[in-house]
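This briefing goes through one structure by topic. Please keep the sequence and the 3D view at hand while reading.

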Amino acid sequence: MRISVSNENKPILIASFFIVVILLAGTVYTLSTAGTAPLLSPKYLLQQLQTGSFLGICAAGMMMVILLGHIDLSIPWTLTAAAMTATAVGGEMALPTALAVGIAVGMLNGFGVAFLRIPSMIFTLGVDTVLRGLMVAQTGGFAPQDTATPLMLFLAKDRILGIPVALFVWAAVSVFVIVILTRTGFGRSIYATGSREGAAYLSGIRTRFVTMGAFVMSGLCASVAGVLLAGYSAKAYQGMGNAFLLPAIAAVVLGGTHILGGRGRYIGTLIGAILIVLLNSVLSIMQMPEAGRQIIYGTVIIAMLLVYGRNQRITS
Amino acid sequence: MRQGRLTRWFFQNVGLASALLLFAVLFFSYNMMHPRGFSAAVAVQNANETAAIAFLAMAQTLPVLLGGLDLSVGAVMTLTNCIASELVNGSPAQILLGVVATLLSGAAFGLMNGLIVVYGRIQPIIATLATGAIAIGLALLVRPKPGGAVDGDLGWALTNSVWDFADTYGIAGGGDAWWIRPFADIPVPVIIVLLVTILVWVPFRRSVTGRTVYAIGSAEGAAFMSGLPIDRAKIAAFTLGGFFAACGGLYLAIQTSSGNADIQQAGAYTLNSIAAVVLGGTSLLGGVGSAVGSLIGAGILRVISFYFRILDIDPLLQPLIEGVVLLVAVSFGAIRTLRVKNKLDLFR
């Protein structure tokens, strides 16, 4: 029997298959060295996914932007700025302030990309630098002395029914993104604008506001991740977002979203994020030194894209 | 007639011309304000700090001209920096061999990028994101801890003025020969960057392969239909990018006399190289611009940071000012949107 898989779902299947391979390889390794199989225990997996939720949420926002054929390089310091303002404001207003920071940064990015027509690659990079400058100026280059509010600690660290709350947040963000992408006009407009902005414009879509909306979503997701990460480490610190930019892009692309926009499903991004989180955790179980990690990380991305990420040749 | 050609050149290269103007104004007023401005010492110091980012900006230019982006330039620079810190010392023959090996390893890494992009048919930005991680991993293998050694004479000779270069190696009468006098105060890094530009970039740009790079960036389909060697040009562009990045890594090793597999530094250099390319008038859409412009862009980036030393600015505000200047500079590109007559042209 021949199972036919549509082009859009192929990456998702292959990525899921690879997750299983990673889990099996890690388990074989731990069985042979320690005689235990921690990778298959739900408790360990949940813990890994808890720390992976920050990446997953960043990737969800990044995907909205990549679907447009743009990219958001301002995620690291949007995340940090949101976390720092949240801890600095404190109290009841911490969470709304952080989200407001994310929305404001997203609107600025969207304005530059959609209205000033500056390539997103360079504009979001500039915004990232400005945010870093603002945070350095505000905190004096040190970790601020403020601590995370109880609500942030709850969101990032607590468990309900044995499941980390952070996972519920990730799930909520995921459902939100899925509904937007598949069930709303805004979502359809994102796909249309990403495929060909001129055509979308002529069809009556206000493409500039669509672009702006996608960047706002990205900023919002980054700020949620920032709040969670600040709660998880109980404080905000300089450069806390640096480790999320490239893995977020990698997660989106491994999940089958086309980097030039217009194609991709959210479920792929979700699986891509899980893949990267598990790959990292297996490598750390193997006590792989940083050098080996980086090499394996790069090789896996290249290898998986060679399997399914190949473009059409441009011949006309 | 001559005037006419100059004006035409100006209107054909508005980006490059305005970058050149901006750089000239910034650099001139910097030297005016500096207590020891227009002296060899200041020039040498500035040139030393600019050389590495200048090479990286050139490296980034080629993929950008193709309409892509190379996120691995900083990582390749770091890798070659570490290799150079292992190899560039010992007898003159060993030093030469080490230099060649460093440059070749950078070019080889660029070649690998090119092969993956062309035959793997993966978008450059994603392919180089992954190979950048590989390059950092290799750099960590070569040099797990910062350190290493580079030949001291070479380091001194290449990071000072021409007179010091001649003095170190006892050529041209220890730097006092009459014919070297006019050049004696020029910093050696400036000469190295110009030499690489003239010997590598200019011939490449004039070759069929180089022109094909521009053609691909303008319209890949049309370039293919015209029978241009697309695959060869792409591979050559990435290989040359790797070579330029290796020049940057090698220079960094000579300048700091050590190697350092620093992931943060690699990322910062990659991002700065993109900024320099854009400031130099090269379009991120591809097909327009040149490595010479990127050199100027790198110069602008660096001069801005030099200002912090002479102006009494709170160090904590420096990153903010740098960011705002970058953002404002790239926002000038928005002037294009005001001139567009047909709104659909915006959505290209």
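Helices here are DSSP runs of H or I of at least four residues, numbered from the N terminus. By that rule, A:Phe154 falls in helix H6 of chain A, residues 150-157. The model is predicted.

**Interface of chain B and chain A**

- The size of an interface is often given as the accessible area lost when the parts come together.
- For chain B and chain A the buried area is about 4500 Å², with 76% of it on carbon and sulfur atoms.
- On the side of chain B that touches chain A, the elements that give two or more residues are helices H5 (92-119), H6 (124-142), H11 (220-225), H13 (263-279), H15 (318-331) and H16 (335-339) of chain B.
- H6(B) gives the most to that side of chain B, with 13 residues.
- In terms of contacts, 50 residues of chain B meet 54 residues of chain A.
- Polar contact between chain B and chain A comes to one residue pair, with both residues at pLDDT 80 or more.

**Nonpolar surface patch on chain A**

- A nonpolar patch on the surface is formed by A:Leu151, A:Phe154, A:Ile160, A:Leu161, A:Ile163 and A:Phe168.
- Together these residues have about 560 Å² of accessible area.
- A:Phe154, one of the patch residues, has a relative accessibility of 33% and therefore counts as partly exposed.

**Residues in helices of chain A**

- A:Gln48 is placed in helix H2 of chain A, residues 42-67.
- Is A:Gln48 buried or exposed? A:Gln48 counts as buried because its relative accessibility is 15%, and buried means under 20%.
- Apart from neighbours within four places in sequence, A:Gln48 is in contact with A:Val277 and A:Ser281.
- A:Leu305 belongs to helix H13 of chain A, residues 290-308, and is buried at 3% relative accessibility.
- A:Leu305 and A:Pro11 are 294 residues apart in sequence, while their C-alpha atoms are 8.8 Å apart in space.
- A:Leu202 is in helix H9 of chain A, residues 197-202.
- With a relative accessible area of 62%, A:Leu202 is exposed, since the cut-off for exposed is over 50%.
- A separation of 36 Å lies between the C-alpha atoms of A:Leu202 and A:Ala171, which are 31 residues apart along the chain.

**A buried threonine in chain B**

- B:Thr212 sits in helix H10 of chain B, residues 208-218.
- The relative accessibility of B:Thr212 is 0%, so B:Thr212 counts as buried.
- Which residues does B:Thr212 contact, leaving aside its neighbours within four places in sequence? The contacts are B:Leu228, B:Pro229, B:Ile230 and B:Ala233.

- A:Arg117 is not a glycine, yet has a positive phi of about 60°.
- In chain A, the loop between helix H4 (94-115) and helix H5 (120-139) holds A:Arg117.
- A:Arg117 is buried, at 14% relative accessible area.
- B:Ser257, also a residue other than glycine, has a positive phi near 55°.
- In chain B, the loop between helix H12 (230-256) and H13 holds B:Ser257.
- B:Ser257 is partly exposed, with a relative accessible area of 32%.

Definitions and conventions: Residues numbered from 1 in each chain as written. Chains lettered and ligands numbered in written order. Predicted model: local features only at pLDDT ≥ 70, side-chain atom pairs only at ≥ 80, totals over all residues. Heavy atoms only, no water. Patch = residues over 30% accessible without salt bridge, like charges linked within 9 Å, V, L, I, M, F, W, Y side chains within 5 Å. Areas by Shrake-Rupley, 256 points an atom, 1.4 Å probe, with all protein chains shown as cover. Salt bridge = Lys/Arg side-chain N within 4 Å of Asp/Glu carboxyl O. Buried < 20%, exposed > 50% of the residue type's maximum accessible area, 1.4 Å probe, protein only. Contact = heavy atoms within 4.5 Å. Buried area = accessible area lost by both parts, 1.4 Å probe. Polar contact = N/O pair within 3.5 Å; in protein donor to acceptor, adjacent residues only side chain to side chain.
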